[in-house]
Amino acid sequence: MKKKFIFIAATIMAAAGIAVAAEYHYGFILSCGKTEYYTSTRPLTDAELAERAEFYENTKCSKITADKQVDDREDLLKDTNHP
């Protein structure tokens, strides 16, 4: 009887843990050929999905990112033709 009670209690706790730990996974295929993934604890609305897709397009597919801008400035500082 004791083993049966422990088994039932463990099963109920495991089921509750799975129900609480629900995750929603989203994939975004970008125009530059990259794929980005996002995981959320709640379902996203259409507006939130569009906003996230635009964010990934701007950060992952943009030709001028923050890193590129820094690299361009470093090249200008190294150029000896400009005063």
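## Exercises on a predicted model

The structure holds one disulfide (a pair of cysteine sulfur atoms within 2.5 Å). Residues are numbered from 1 along each chain as its sequence is written, and side-chain values use heavy atoms, without hydrogens and water.

**Exercise 1.** Find where confidence is lowest and where it is highest.

*Solution.* Start with the whole protein. Its mean pLDDT is 75, and 55% of its residues reach 70 or more. Then go to the elements (DSSP runs numbered from the N terminus; helices are H or I with at least four residues, strands are E with at least two). Helix α3 (residues 66-78) is lowest, at a mean of 52. Strand β1 (residues 24-29) is highest, at 94.

**Exercise 2.** Locate the disulfide and describe its two ends.

*Solution.* Cys-32 is joined to Cys-61, S to S 2.0 Å. The angle about the S-S bond is -60°, and the link is left-handed. Cys-32 lies in the loop between β1 and β2 (35-40), Cys-61 in the loop between α2 (46-60) and α3; they are 29 residues apart. Now check burial (buried means under 20% relative accessible area, exposed over 50%, partly exposed in between, with a 1.4 Å probe and protein chains only). Cys-32 is partly exposed, at 38%. Cys-61 is buried, at 19%.

**Exercise 3.** List the aromatic pairs and place their residues.

*Solution.* Apply the ring criterion: rings of Phe, Tyr and Trp (its six-membered ring) pair if their centres lie within 6.5 Å; planes under 30 degrees apart count as stacked, over 60 as edge-to-face and the rest as tilted. Two pairs turn up. For Phe-28 and Tyr-56, the centres are 5.5 Å apart and the planes at 55°, so this pair is tilted. Phe-28 is in strand β1 and Tyr-56 in helix α2, so the pair ties together parts 28 residues apart in sequence. Phe-55 and Tyr-56 form a tilted pair too, with 5.6 Å between centres and 55° between planes. Phe-55 is partly exposed, at 44%; Tyr-56 is buried, at 8%. Ring pairs join Phe-28, Phe-55 and Tyr-56 into a cluster.

**Exercise 4.** Name the residues of the largest nonpolar core.

*Solution.* Take buried Ala, Val, Leu, Ile, Met, Phe, Trp, Tyr and Cys residues joined through side-chain atoms within 4.5 Å. The largest such core has six: Tyr-26, Phe-28, Leu-30, Leu-44, Tyr-56 and Cys-61.

How values were computed: This is a predicted model: local features need pLDDT of at least 70, side-chain atom pairs count only at pLDDT 80 or more; totals for chains, interfaces and linings use all residues. pLDDT is the predictor's confidence in each residue, from 0 to 100.
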